Amino acid sequence: MQGMSDLLSPILLVMDDEVDAYWCFVGFMDHIGVCVNFDMEQDGMKKQLLDLNKLLQVIDPKLYSYLQAKDCSNLYFVFRWLLIWFKREFTMENILRIWEVMWTGEPCKNFHMLMCLAILDGEAEHMQKEDFGFSDILKHVNDLSCRIDGDVILARAEAIYLQLSEYKELPHVIKEIIGTAPASEENGATTGTESPVSESSIEVLAESEGEQAAEQEQT
């Protein structure tokens with residue numbers, strides 16, 4: 001299936017034995033959860049794009065508003081980043097380091113999404129200055145291939161995580177995405193002292209919280 005060879009090639013490079021490489025690849029697909037990227041219905045990819053959309057609304061509402069005005073808020077132009085874990089965006093040396101970091105599960109759940117935000121953060125000013133539409137953004141993003149500094153992006157993504165973790169009124173839906181929601185909140189309960197939606201969030205967060213409230217009322 002398209003994309004799987006991209007995920008396998010770094011493993012083959014590191015492993016001396018093809019059998020060992022195969023079982024490492026199986027573990028990568030199953031235990032890390034990358035297999036959901038290749039669902040026939042693409043439900044896994046759709047969910048990741050939606051979660052990334054929610055994160056972007058909180059982290060960079062200005063960029064989100066710009067993308068929304070350009071009919072690009074679906075973020076389809078980062079599809080490849082998520083599908084094959086940035087394999088074509090960084091050099092092989094960088095991707096081995098980046099994957100090793102992401103395999104640890106630290107500093108948070110879905111750290112690869114914060115990596116996406118970190119890359120967008122570095123390109124946001126240029127895209128807005130040039131008034132890029134979807135086709136321009138897609139071309140620009142593709143042209144970044146192997147020209148991105150992996151260490152810079154890792155550091156920026158970690159900074160985004162720290163920014164989110166220190167925000168006292170972080171929306172519940174964002175806590176769920178990065179895995180910082182207490183067990184009680186993951187079961188659908190929220191504390192009375194927290195705002196369910198931040199001031200910077202837009203329609204997706206509001207809709208998500210509204211759906212949760214409606215479900216709670218029905219139960």
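Which residue forms a salt bridge with D51, the closest N and O atoms being 3.9 Å apart? In this predicted model, the partner is K54. The two residues sit three positions apart in helix α3, so about one helical turn separates them. D51 also has a salt bridge to K47, with an N to O distance of 2.7 Å. Here the spacing is four residues within helix α3 (residues 43–59), again about one helical turn.

The whole structure holds eight salt bridges. Among them is the pair D143 and K139, whose side chains meet at 2.9 Å, N to O. These residues lie four apart in helix α8 (residues 134–143), which places them about one helical turn from each other. D143 is partly exposed, with 37% relative accessibility, and K139 is exposed, with 53%.

Helix packing comes next. The axes of helix α7 (residues 111–129) and helix α9 (residues 150–166) approach within 8 Å and cross at roughly 110°, so α7 is roughly perpendicular to α9. The contact involves residues of α7 including F111, L114, M115 and A118, which meet a set in α9 that includes I153, L154, A157 and Y161.

Finally, the surface carries a nonpolar patch formed by L13, V14 and L96, with about 260 Å² of accessible area together. L13 belongs to helix α1 (residues 4–14) and is exposed, at a relative accessible area of 54%.

Notes: Residues numbered from 1 in each chain as written. Predicted model: local features only at pLDDT ≥ 70, side-chain atom pairs only at ≥ 80, totals over all residues. Heavy atoms only, no water. Patch = residues over 30% accessible without salt bridge, like charges linked within 9 Å, V, L, I, M, F, W, Y side chains within 5 Å. Areas by Shrake-Rupley, 256 points an atom, 1.4 Å probe, with all protein chains shown as cover. Salt bridge = Lys/Arg side-chain N within 4 Å of Asp/Glu carboxyl O. Buried < 20%, exposed > 50% of the residue type's maximum accessible area, 1.4 Å probe, protein only. Axes fitted to C-alpha atoms, helices over the stretch in contact; angles between N-to-C directions. Parallel < 35°, antiparallel > 145°, perpendicular 65-115°, else oblique. Contact = heavy atoms within 4.5 Å.
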